[in-house]
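Subject: Structure handover

Hello,

Here is the structure I promised to pass on. My notes follow below it.

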Amino acid sequence: MIAALVTEPLPGPVVGILGITVATALGLVAPAPDDAIRWALSGFSHSTVWLIFVAFMFGLGYEKTGLGRRIALRLVRMLGRRTLGLGYAVALADLVLAPFTPSNTARSGGTVYPIIKSIPALYDSSPGRSARRIGAYLMWTAFAATGITSSMFLTANAANLFAVSLMRDSARISVGWTDWALGFLPVGLVLFLALPLVVYLVYPPSVKISREVPIWAAHELRRMGPMSRREATMAGIAVLALGLWIFAGRWLNPTTAALVAFCLMLLTGVLSWRDVLGYTDAWRVLVWFATLVTLADGLHRVGFLTWFAGRMAADLSSVPATTRLVLFVAVFFAAHYMFASLTAHATALLPVFLAAGMAMPDLPARPLALLLCYAIGLMGVLTPYATGPAPIYFASGYVSRPAFWALGGIFGAFFLLALLALGVPWLLSGFP
């Protein structure tokens, strides 16, 4: 299945549909036909799948009203002289929102992406041959940054909150917001400050300095004139959605808040139903991600993941404690290639890894638990389906399929190495 997603002999959604159809027809997950088809279609009821879909609608709203172009022009006018400066601006936008937005899909896919997708065109960069001018750099920087910010704060990712509850229930280890932030501080600070520069070196844009474009952007802003009513409406809906994501978590699921905003876009005329039906990328990603979520759940149901973690724990029982700690985290991290959801990964494997670790008295329980939890956000960089924002940035077309997989492996290794090299000694020393 992973090989088919990498090589893509057929479109991704087709691979996903074939996978769930074969598993259902053969009764691999549920022998009863009715139970099997309910399982096959369960991904379409997953909240993150619809949050991703609405994130695409936000992008369409920014595009149709011209608001995305206006914001992009302002960013370019202020910071567009140097591409590296734009990279840091994109990462900083995610960081500012991260402590208050417990959904990385809502934050990165629904707020940051719709704005930055308008920037590459200002530099004559579009998906395809001209993607590497600047678009590919900005898209990968934004996507990779959300992996870091998702691990920096307890409230930056829904999977973090779930992982902490699992850690408390299964390992009797309690972690507060400040404990979480302090524990990840050395890793998060180094990764965040280094990321735009590392992307700039590993995946360099061809446009590095442009003195003319900021001048042109200022001219275009004057030509656009004052903000239109439709732009103002879209801005108001975006602010409302962000406010609901930040402050209404007790009463509204992030996907519900996104659907409220989507309905308002339709009712106010920001988008027409024809616009929605014609946005094929959104529907393609909805089918693709829904089937991947289902197939990942199937691996857990048939017991493969539990067997895999148990086998690994048994094989490592004779290894020195610190080496075992590192290997536990590395295997937990790499196992995310089999998942299309951070929360699903935490649900399936975190209790198993914690139980295996707790059964070994010489293994430091609290550092292990924290390292596993911190890995959850970082592993979102690995694949085009690893976390909610991934299919959104992948579908933009700026980063090709082979490049996305290659960069996922490179930056996944970079994130994991930083977590182990900086996080292990920091946590073993007694902090937080």
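One term to start: buried means under 20% relative accessible area, exposed means over 50%, and partly exposed is in between (1.4 Å probe, protein chains only). The model is predicted, so local features need pLDDT of at least 70, side-chain atom pairs count only at pLDDT 80 or more, and totals for chains, interfaces and linings use all residues. Residues are numbered from 1 along each chain as its sequence is written, and side-chain values use heavy atoms, leaving out hydrogens and water.

Aromatic pairs

Rings of Phe, Tyr and Trp (its six-membered ring) pair if their centres lie within 6.5 Å; planes under 30 degrees apart are stacked, over 60 edge-to-face, the rest tilted. The whole structure has 20 such pairs. One of them is Trp50 with Phe53, edge-to-face, at 5.6 Å centre to centre and 70° between the planes. Both sit in helix α4 (residues 47-65), three residues apart. Helices are DSSP runs (H or I, at least four residues), numbered from the N terminus. Trp50 is partly exposed at 29%. Phe53 is buried at 3%.

Tyr113 and Tyr393 also pair edge-to-face, with centres 5.2 Å apart and planes at 80°. They are 280 residues apart, in helices α7 and α20. Tyr113 is buried at 4%, and Tyr393 at 1%. Both belong to one aromatic cluster, which includes Trp140.

Gly408

Gly408 is in helix α21 (residues 401-428). Its relative accessible area is 0%, so Gly408 is buried. Not counting residues up to four places away in sequence, Gly408 touches Trp140, Val381 and Leu382; contact means heavy atoms within 4.5 Å.

Best wishes

Conventions. Helix = DSSP H or I, 4+ residues; strand = E, 2+ residues; numbered from the N terminus.
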